[in-house]
Amino acid sequence: MNKQEKILIIGAGLCGSLLALRLGQRGYNVQVIEMRPDLRKVDISAGRSINLAFSDRGIKAMKLVGIEEKVKPLCIPMHGRMIHDKEGNTFLSNYSGREHEYINSISRQDLTALLMNEAEALENVTFQFNLKCKKVDFENKTATFVDYHTKEKTTITADVIFGTDGAGSALRNSYYLSKRFLFSFSQNYLTHGYKELSILPNKDGGFKTFKNALHIWPRGD
Ligand SMILES: Cc1cc2nc3c(=O)[nH]c(=O)nc-3n(C[C@H](O)[C@H](O)[C@H](O)COP(=O)(O)OP(=O)(O)OC[C@H]3O[C@@H](n4cnc5c(N)ncnc54)[C@H](O)[C@@H]3O)c2cc1C
């Protein structure tokens, strides 16, 4: 890629924001377009933000973009899984036999916001929100977006287009529908739903349950 080229990234989730930061640091002109509102200004979790288990691979990526020290304060170390049985007993199953080895819990929203802030601080990276990608035309290197509020269509041309628009990727769909490429993919759906539950802190602000573990209530169904 030539540094004068215009790079379009579709989707400002974890991958899109990280990619924008890295390419921005490398001097590329990057435009990121996200279909949802800016998560730094609006709570978009809808009760399903789900903290991430964040370990070696994630930390490696943070080192690469030089923000490891800024991520650390967002992390809660988890040394193991805390199993809660039907009788209310608990036992901790450590991830590792070595004390210093653990994974972390991190807020998806806080991590994404940090990546966005770092990327947006670069003058060659921009973010736009509330624009949903409808299709990508690979031969003409364009992507078409619809504004959530005005329903207006915008077509953006770029030299390189990255699709980081998640599991239901519009870019991947365009590949598939255009039938001009030898392209196949498989998709499996979760057989269960998920919902975030908040266990509110004690009056003194402390944790109601053991802080440094991933808590699990296995019920065998
Ligand atoms: C319940 C659950 C728990 C998980 N737990 C963990 C975990 O603990 N640790 C871990 O590492 N991973 C976990 N994952 C996986 C992790 O969430 C994904 O790997 C990660 O989010 C993928 O990042 P992404 O940026 O590719 O996609 P996403 O995070 O899905 O981001 C895609 C972005 O693109 C935007 N977008 C989508 N369509 C369009 C469009 N048409 N136009 C414009 N923008 C669009 C979306 O709004 C979103 O912001 C979990 C996943 C689930 C579902």
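We will come back to it.

What you see is a predicted model. The chain has five helices and 13 strands. Its C-alpha trace spans about 60 × 40 × 35 Å along the principal axes. There are 221 residues, and buried ones make up 34% of them.

How is the chain connected? Take contacts between residues at least 6 apart in sequence: 64% of these join residues at least 24 apart. Now the surface. The chain exposes about 14,600 Å². Carbon and sulfur atoms supply 51% of that area.

Where does the ligand sit? In the largest pocket.

Now look at single residues. There are 21 residues around the ligand. Cys15, Glu34, Ala53, Arg108 and Cys133 come nearest.

Let's go through some polar atoms. Alanine 53 uses its backbone: a polar atom there is 2.7 Å from an oxygen atom of the ligand. Arginine 36 uses its side chain, with a polar atom 3.0 Å from a ligand oxygen. Aspartate 165 has a backbone N or O atom 3.5 Å from a nitrogen atom of the ligand. How much of the ligand does the protein bury? Taken alone, the ligand exposes 990 Å², and the protein buries 66% of that.

Start with leucine 115, in helix H4, residues 108–120. Is leucine 115 buried or exposed? Its relative accessibility is 2%, so it counts as buried. What does it touch? Leave aside neighbours within four places in sequence. Leucine 115 is then in contact with Leu14, Ser17, Leu18, Leu21, Met62 and Ile67. For a sense of distance, pick glycine 168. It is 53 residues from leucine 115 along the chain, and their C-alpha atoms are separated by 22 Å.

You will find it in strand E10, residues 142–147. Threonine 144 has a relative accessible area of 10%, so it is buried. Again, skip residues up to four places away in sequence. Threonine 144 touches Lys132, Cys133, Lys134, Lys135, Lys153, Thr154 and Thr155. Notice Cys133 in that list. Cys133 is also one of the residues that come nearest to the ligand.

Last topic: backbone angles. Most residues other than glycine have a negative phi. Two residues here are worth a look. Asparagine 130 is not a glycine, yet its phi is positive, about 60°. Lysine 151 is not a glycine either, and its phi is positive at about 65°.

Where is lysine 151? In the loop between E10 and strand E11 (153–157).

Buried or exposed? Asparagine 130 has a relative accessibility of 16%, so it counts as buried. The cut-off for buried is under 20%. Lysine 151 has a relative accessible area of 54%, so it is exposed. For exposed, the cut-off is over 50%.

That's my tour. Thanks.

Notes. Residues numbered from 1 in each chain as written. Predicted model: local features only at pLDDT ≥ 70, side-chain atom pairs only at ≥ 80, totals over all residues. Heavy atoms only, no water. Helix = DSSP H or I, 4+ residues; strand = E, 2+ residues; numbered from the N terminus. Buried < 20%, exposed > 50% of the residue type's maximum accessible area, 1.4 Å probe, protein only. Contact = heavy atoms within 4.5 Å. Near = heavy atom within 4 Å. Polar contact = N/O pair within 3.5 Å; in protein donor to acceptor, adjacent residues only side chain to side chain. Areas by Shrake-Rupley, 256 points an atom, 1.4 Å probe, with all protein chains shown as cover. 1 Å grid on protein atoms, 1.4 Å probe; cavity = no way out; pocket = protein on both sides within 12 Å on 5 of 7 lines; lining within 4 Å. Sits in = over half its atoms within 2 Å of the grid points.
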